[in-house]
Amino acid sequence: MSTTKKIAGVALVAALGVTTLSACGGGDTKDKPAGASDAPKSKTVTLVSHDSFNVTESVLKEFEQQSGYTVKVLKSGDAGAALNQEILTKGSPRGDVFFGVDNTLLSRALDNGIFTPYEAEGLAEVKPEYVLDKEHRVTPIDSGDICVNYDKAYFAEKKIAPPQTLDDLTKPEYKNLLVTENAATSSPGLGFLLASVGKYGEDGWKDYWSKLKANGVEVVDGWEQAYNERFSGSAGGKKAKGDRPLVVSYASSPPVEVLYGEPQPAEAPTGVATGTCFRQIEFAGLLKGAKNEEGGKALVDFLVSKKFQEDMPLQMFVNPVTKDAALPELFTKHGVVVEKPENVAPETIAKNREQWVKAWTALVVK
């Protein structure tokens with residue numbers, strides 16, 4: 001996502017390392033049954049993730065103190081690259097739990113059999129629409145919406161209503177205003193392509209992109225270039241003198257602009273076109289062949305716990321998936337609720353992703 005994928009991968013610079021708290025409990029080998037191993041159970045549990053995973057140190061320490069496990073986080077690039085490494089090491093994984101596979105890559109992960117089924121404690125609190133694998137090989141952890149963002153000041157100055165839907169983006173008043181990321185190299189870019197597939201179907205998305213191209217859509221390699229260089233509404237874009245007031249980003253971008261604004265603005269300078277969105281859902285799974293399976297189960301339980309779910313929005317700028325988790329005020333005040341995002345079934349994405357991206361590249365880039 002995340003590839004990231006997530007804004008937190010750019011906005012947050014603190015990287016999570018290995019926490020070295022003393023383990024508690026266990027280790028007594030007296031009175032074991034004949035043939036039982038004398039080797040102590042591992043007290044380190046390893047989470048393999050994309051680069052944008054983050055958690056407040058005190059929240060992680062509390063889990064470690066309560067569980068007796070020390071958490072090691074192995075960050076492995078964007079979500080696609082991290083997943084590829086786990087597929088290559090199937091059966092002998094680099095860790096115990098994998099976090100960061102999303103619904104655009106889910107079927108690929110499941111088809112390669114890299115996860116062991118596990119029904120997490122607390123799964124009943126996860127909203128049912130996020131539970132895409134009934135065998136519980138993966139557990140939903142967060143969701144986020146890829147959406148077109150707009151520069152409020154630009155549209156106020158021009159006295160033009162900002163676009164709200166995918167159809168709007170093809171209208172003459174928005175010609176040469178939109179910048180998006182390459183669907184072949186960027187998670188948001190792929191998500192925006194999938195939004196068009198969800199909206200117009202497998203027979204209509206190409207015609208839609210032909211209209212966008214005719215209306216002057218600009219394509220760049222990744223989110224950083226699109227949002228922080230070409231988009232006129234972001235702090236980075238203003239410094240870079242970006243001249244595109246529409247960009248494909250995330251529904252959580254406005255709260256981020258407020259949080260990192262200097263000085264912090266009373267209102268977000270950017271808005272979200274809620275009729276342009278594709279919903280990403282990220283999952284975690286217990287890796288098949290995990291050296292510390294019990295620790296891995298405890299870690300998955302932690303990721304869906306209320307404590308982690310409520311910590312997550314300001315660490316990774318994504319939404320919780322559990323019913324009991326409250327959003328921080330920054331999100332409720334400056335964020336938006338996307339009522340009807342576009343969706344495409346994971347198995348449909350898996351079957352068609354490669355050919356869709358090739359067709360999109362030939363149509364839009366070449």
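User: Before we start, what counts as a disulfide here?
Analyst: A disulfide is a pair of cysteine sulfur atoms within 2.5 Å. This is a predicted model, where local features need pLDDT of at least 70, side-chain atom pairs count only at pLDDT 80 or more, and totals for chains, interfaces and linings use all residues. Residues are numbered from 1 along each chain as its sequence is written, and side-chain values use heavy atoms, leaving out hydrogens and water.

User: Thanks! How many disulfides does the structure hold?
Analyst: One. Cysteine 147 is joined to cysteine 277, with S to S at 2.1 Å. The pair links distant parts of the chain, 130 residues apart: cysteine 147 lies in strand 5 (residues 139-151) and cysteine 277 in strand 9 (residues 270-287). Strands here are DSSP runs of E, at least two residues, and helices are runs of H or I, at least four, numbered from the N terminus.

User: Why is that disulfide right-handed?
Analyst: The torsion about the S-S bond of cysteine 147 and cysteine 277 is about 115°, so the disulfide is right-handed.

User: And are those two cysteines buried or exposed?
Analyst: Cysteine 147 and cysteine 277 are both buried, where buried means under 20% relative accessible area, exposed over 50% and partly exposed in between (1.4 Å probe, protein chains only).

User: New topic: what does phenylalanine 308 touch?
Analyst: Leaving aside neighbours within four places in sequence, phenylalanine 308 is in contact with residues including Phe53, Ile141, Phe302 and Met316. Contact means heavy atoms within 4.5 Å.

User: Which residues of helix 6 meet helix 7?
Analyst: Phe192, Leu193, Ser196, Val197 and Tyr200 of helix 6 meet Trp205, Tyr208, Trp209 and Leu212 of helix 7.
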